[in-house]
Amino acid sequence: MVPWNVTRLRVLPGRRLEVAFADGLCGIVDLSRDRLDGVLAPLADDSVFALARIENGAVTWPNGIGFAPDAMYDEVLAMQCAPA
């Protein structure tokens, strides 16, 4: 089992993704702070962003854009462990 494979996905407003991983870790990946330019520019359109799906354990879009699930896992894990 690869712990960072995405097993559940929900698109949230404001270019955020609620994800769950194979090992049970779940949380929010916030892409609203990221510059979506160049190859990522289509994701700045909310209607395109809403087309996110899971493909082979990674979050992808119909236009071929995808995000590395291990990086998403690390982001969620860091938020879970951040001091209050």
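The mean positions of the 7 positive and 11 negative charges of this chain lie 5 Å apart. Welcome to a predicted model, in which some of those charges meet: the structure holds five salt bridges.

**Overall build**

- The chain contains two helices and six strands, and reading along the sequence gives the pattern β-β-β-α-β-β-β-α.
- Its radius of gyration is 12 Å, close to the 12 Å that the globule rule gives for 84 residues, so the chain is as compact as a globular protein of that length.
- Taken along the principal axes, the box filled by the C-alpha atoms is roughly 30 × 30 × 20 Å.
- Among contacts between residues at least 6 apart in sequence, 42% join residues at least 24 apart.

**Inside and surface**

- Of the 84 residues in the chain, 31% are buried.
- The chain exposes about 5,000 Å², and carbon and sulfur atoms supply 56% of that area.

**A salt bridge between Glu18 and Arg10**

- As a general point, side chains of opposite charge can pair when their charged atoms come close.
- One of the salt bridges here joins the side chains of Glu18 and Arg10, at 2.9 Å from N to O.
- Glu18 is partly exposed, with 26% relative accessibility, and Arg10 is partly exposed too, with a relative accessible area of 47%.

- Asp30 counts as buried, because its 17% falls under the 20% cut-off.
- Arg33 also forms a salt bridge with Glu75, where the closest N and O atoms are 3.9 Å apart.
- Glu75 lies in helix 2 (residues 69–81), while Arg33 sits in the loop between strand 3 (26–30) and helix 1 (46–49), so this pair ties together parts that are 42 residues apart in sequence.
- Glu75 itself is partly exposed, at 26% relative accessibility.
- Through shared partners, salt bridges join Asp30, Arg33 and Glu75 into one network.

Key:
Residues are numbered from 1 along each chain as its sequence is written. This is a predicted model: local features need pLDDT of at least 70, side-chain atom pairs count only at pLDDT 80 or more; totals for chains, interfaces and linings use all residues. Side-chain values use heavy atoms; hydrogens and water are left out. A salt bridge is a side-chain nitrogen of Lys or Arg within 4 Å of a carboxyl oxygen of Asp or Glu. Buried means under 20% relative accessible area, exposed over 50%, partly exposed in between (1.4 Å probe, protein chains only). Helices (H or I, at least four residues) and strands (E, at least two) are DSSP runs, numbered from the N terminus. The radius of gyration is taken over C-alpha atoms; the globule rule is 2.2 Å times the number of residues to the power 0.38. Contact means heavy atoms within 4.5 Å. Accessible areas come from the Shrake-Rupley method with a 1.4 Å probe; for residues, only the protein chains shown count as cover. Lys and Arg count as positive and Asp and Glu as negative; His and the chain ends are not counted. The place of a charge is taken as NZ of Lys, CZ of Arg, CG of Asp or CD of Glu.
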